[in-house]
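Me: Hi! Could you walk me through this structure with a few questions and answers?

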Amino acid sequence: MTAMAPADRLLDRYVDDHSVQPALTPIRNELNFAWEWAALRCSPVYYGCGVPHGQGEPVVVAPGFMGTDLSMMEMHWWLARIGYRPYYSGLGLNVNCPDVSTETVLNVVQRAADETGRRVHLIGHSLGALIARDAAFRRPELVEQLISLAAPFNDVAHVHPVLIEAMDAVRRQAGSHLTWHIAPACYSGHCTCSFIENIMRPRKPAFRRHALYSEHDGLVMPESCMEEEAELNIGIPTSHYGMIYNWRAYQEVARLLAQATSGG
């Protein structure tokens, strides 16, 4: 990946963004996601043992930045095994304008609500959770619950420089078939879309929410992924990408889904 030249950075007023700050997180931890996947496959939780089951409630799962719906495949299949009706987000590769991506997710949420006659549960990883959060604020009457997985929704996101460069790279590809709607301000605090307004806790949500943060996150500081209310935060001993394959995270997701379904 070619870094932006100093002269180019001076011409790009969106690069110096105070809402996204570099942090030397232990990025090497991200190499452990394969072990997380193997441990998940060996866990009884993966096969629905020892966790509460659903009764056909709709759940939409959304992938993180530069991830695809296929990255949420294990969770999608697992949700089906434990009695829920899962839906992919429809985002494909998650590199488009988040405001446009929210519209895509909302179409799926509306379809899930129409097909099941129930309010929808949203589970998003990283950027996918931010998009899900925006969707929930836009159409709260359709949403029962939001579970965020390693999602930096605080006012200032402290992330590894590699992730900042990845966002720069996507902006430089604006107008391609994958990033058709990308604007210079995308993925920055300079964005004027409702997406930014809705992820920064603009008002008390009308939906249930919890945040699972990665205690060994290699890309984002865990503090950037926590709700203001301490009781809504759950630490998982895993990395950023490991979160979507960690059996403890699945265990907590099953508990939170059942809690919302039962009204507890």
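Predicted model: local features only at pLDDT ≥ 70, side-chain atom pairs only at ≥ 80, totals over all residues.

Me: Which strands stand at the edges of the open sheet?
Reply: Happy to start there! The open sheet has 6 strands in the order β3-β2-β4-β5-β7-β8, and the pairing is parallel. From one strand to the next, the twist averages 20°. Two strands have a single partner strand each, so one side of each is left without a neighbour in the sheet: they are β3 (85–88) and β8 (233–236).

Me: What is the bridge partner of V60 in β4?
Reply: Strand β2 (residues 58–62) runs parallel to β4, and 4 bridges join the two. In β4, V60 has as its bridge partner L122.

Me: Which element gives the most residues to the largest nonpolar core?
Reply: That core has 44 residues, and V60, F65 and L122 touch the most other members. Elements giving two or more residues include α4 (98–116), β4 (120–125), α5 (127–138) and β5 (143–149). With 8 residues, the element that gives the most is α5.

Me: Is N94 buried or exposed?
Reply: N94 lies in the loop between β3 and α4. Its side chain reaches the backbone oxygen of P63 at 2.9 Å. Buried means under 20% relative accessible area. The relative accessible area of N94 is 1%, so N94 is buried.

Me: How many residues apart are W78 and Y250?
Reply: These two form a tilted aromatic pair, with 4.7 Å centre to centre and 55° between the planes. Both W78 and Y250 are buried. W78 sits in helix α3 (residues 73–81) and Y250 in helix α8 (residues 247–262), so the pair links distant parts of the chain, and the separation is 172 residues.

Me: What is the angle between the planes of F137 and F207?
Reply: F137 is in helix α5 and F207 in the loop between α7 and β7, so the pair ties together parts 70 residues apart in sequence. F137 is buried at 6% relative accessible area, and F207 counts as buried at 5%. The rings are 5.3 Å centre to centre in an edge-to-face pair, and the angle between the planes is 75°.

Key
Residues numbered from 1 in each chain as written. Heavy atoms only, no water. Core = buried A, V, L, I, M, F, W, Y, C linked by side-chain atoms within 4.5 Å. Buried < 20%, exposed > 50% of the residue type's maximum accessible area, 1.4 Å probe, protein only. Pairing = 2+ DSSP bridges. Axes fitted to C-alpha atoms, helices over the stretch in contact; angles between N-to-C directions. Polar contact = N/O pair within 3.5 Å; in protein donor to acceptor, adjacent residues only side chain to side chain. Phe/Tyr/Trp six-rings, centres within 6.5 Å; stacked < 30°, edge-to-face > 60°.
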